[in-house]
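The following paragraphs lead the reader through selected parts of a structure. The sequence and the model are shown first.

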Amino acid sequence: MFIELLDVNGLLVEASPYTYDLHVQLISLCRKLGDLDKLRSAREKMSELFPLTPELWLDWLTDERKLATTKEQEKKMISLFERALKDYPSVSIWLEHVQFSIGAVGESWDSDGLSIVRQTFERAATAVGIHVAQGCLIWEAYREFENVYLMYLKGKGASAEEIKEQEERIYNLFKRQLSIPLIDMERTYTEFTEFQFEHLKPEGLSKDHAYKKALNKLKQLQSYEDALYNSEPPHYEEYKKYIQFEKDGGEPIRVQNIYERALIENCLKEELWLDYAKYMNQVIKIKDMSLPVHERAVRNLPWCVQLWISYVRSLERFEEPHEKIIGVFETALGMGFPKAEDFKEFWLAYLSYLRRKIDKDRSETTERSNDFKEITDVFDRASTQMQEYCLGSESEYAIMKFWIAFTARYKKDVSASRKLWRELIDHGHKEEARVWLDYANFERLHGDATHYRKLLSQAISCVSDWQETFVDLLLAFEQEEGTLESLEKAIAKCETQMQHIIEKRRKKLEEAASYEKEKKQDKRKNVPKYQARGSKNEQSSKTDDSETHVQMDSEGFKIPPVPHKLPATSNSRPDSHNDLESEKRKRPSTTEVYDEEQESKKRKVETSDSHGMSVKHDPAKDDRTVFISNLFFKTEEDKIREFFSQIGELEEIRLVKDYKGRSKGFCYVVYKSQEHVKLALAKDRELLDGRPVLISPCEDRKNNPIPQSKFKFGTGLERNKLFIKGLPFSTTKEDLENMFKEYGPLQEVRIVTYRNGHSKGLAYVEFKDEAAATNAIVKTDGTQIEDKIISVS
């Protein structure tokens, strides 16, 4: 069974190599099967694409360490440790590294082996020895190693001078450790005072300035460490405050250490990596420290264009070879970016770098023909991509604008630049005043007066707004550089053009006003007849009708009254005697009226009883009551009782009804115990009679008004949550789970529905990590489901 799963998982990794979790699953299966070759291959493949977590590295190092028996294998282990520390300089990995190096000493305490161990410990102390919470583990391991060597010297009968030298080494380790703010400093100081120095009389550290400074620093850091300890991973907000505190302290090595701690738990936070890279560029400015940070950043977030740009600029700043910088650009391009804006930023950075290289080669009198060919090839690729996917967009405009300026300045070909401007304007920018202004500025800088005048006149006729701006530019130019004749000609031309423009604006306003008037008239025509005001006779008739008794049938519908006697026409002659007799027969006696009134009152009481008596609000029950809404109108109290009594014993259910006894779709459920309310609230949006019922706490807003809504929309960017629209209405939650789970572990899938439970064609899919969400966007946006094309963002 495991072998079949291994084969299937291997195929999935080949099909989706950038799905992080598939690699982790494959490694786990290989480790369970004990297939060392496949396990090594799986780990190497994953390491090529992603930085491994400290946990994955520790598993790998533990497995390989058991097999390292020869010198060659031990060298490979050292190389593996270096790779692991390059991904994450974790305290746990450094401890494994120093423990492995101790094995090289042997029982004879070889001097070369001793030197290697001490070098490894020194590197570890420099890298993570200032880790406030775990740095003491490195120092204690270092001192323990030197203590064992001291015992060895005493055991073999070494000279007093050798023993004194070793004791002095241990004393210096104590002194160095106690000068750093670390957890449990007091315990370390107690160990120092109890240590037996036989040939050395060390000075006490209680009055040492460095020790006191470290103690005071630890007190300042304690609140930040406590915040990390008491909060839930990944502690991002706590780390942000901690980082700012260390930045204010002005110790770069401490700032870098807290950045590294934060990244172990927040390796997919773009904001954190960008901030770290910026700090390395602006403050550290050391090649061997800055470049590795950028390399790790783009391995963790290959879709972040800002990190790639920061990386190549760092390479350029440290004067790395041109071939290496171009290689990084091409690698970034192969990773792909989620937005057109990202590609625009990438291509502009690529072209800007090549332009700067031309400037540099010009100052060094280097042959530039290859440089021009190289930047032209890159522009052609950028232009092709922009025209294919972003024709007429801001992204295409930015790339073309750069190339037009480059053509005029570096190639000295203004005619070609003008041709490019015309093409750009024809590609969807003809009415944009901003584009025409840029074109005008270009002509002012590189062109001549004739083309500048012609351009401004065309702009006034073409643009949809800002016409007055171009008029001002043209007249200002004529006043500064033109003749009296050209000025007067320009004034006349502008007046004529502006008259046409003003006339067009006036017509548009009239058309808009006419359209609004027609809309209002159409609304009046479409008013139903029963809403129109009737004649006085009709109104009086309605008044008479309203006074007659309205009868209801068994289902609560009105029984239409018997129509009144038709009004007499001018040709008809009323029979006064018959009418009088008829009126007498219709008129009830006083007794009959009294009986009818009593009967009516009786019916009203019965009706009110059957529809539910009003219940006075009891605030004492609010903490045991939940408010239920979005109920199906035919849902009865028995079903509601059955639904909520599963949680606990009910005291009462108040189903709110209208005057006809029909449910209004909401009710109050009162429990006998307050404990059951929380459990009831957890059933929010569960289905009852096919509708998702909304369950909320009972609040007396009439007597205790809430000043503002408790609910607030989140302002943070949820990069692990996707919004899908355009779904077929038949799509289920299970369909979406099956579709998206291949890209990573899911946190939640929710389909947006109407109040009746029917789908709106919208859904939210939340992943557990950002990388999986980004991969899902790239792979699923524009996918066809049945006859619908979905949009994923």
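Two residues are said to be in contact when they have heavy atoms within 4.5 Å. The model discussed here is predicted.

Helix α19 comprises residues 369-389 and helix α20 comprises residues 394-409; their axes come within 10 Å and cross at roughly 155°. Because angles over 145 degrees count as roughly antiparallel, α19 is roughly antiparallel to α20. The crossing of these two helices is left-handed.

Which residues in α19 meet α20? From α19, the contact involves F372, I375, T376, F379, A382, S383, M386 and Q387. Their counterparts in α20 are S395, E396, I399, M400, W403 and F406. Sorted by class, the contact of α19 with α20 has 9 nonpolar, 4 polar and 1 charged residues.

Attention now passes to a sheet. This sheet is open and is formed by 4 strands, in the order β10-β11-β9-β14, with antiparallel pairing. Its edge strands, each of which pairs on one side only, are β10 (746-753) and β14 (791-792).

Strand β10 is joined by 7 bridges to strand β11, residues 759-767, and the two run antiparallel. Within this pair, E748 stands opposite E766 in β11. A helix also packs on the sheet: α31, residues 733-740, touches β9 (721-725), β10 and β11. The direction of α31 makes about 140° with that of β10.

How values were computed
Residues numbered from 1 in each chain as written. Predicted model: local features only at pLDDT ≥ 70, side-chain atom pairs only at ≥ 80, totals over all residues. Heavy atoms only, no water. Pairing = 2+ DSSP bridges. Axes fitted to C-alpha atoms, helices over the stretch in contact; angles between N-to-C directions. Parallel < 35°, antiparallel > 145°, perpendicular 65-115°, else oblique. Left-handed = near helix turned anticlockwise from the far one by under 90°. Nonpolar A, V, L, I, M, F, W, Y, C, P; charged D, E, K, R; others polar.
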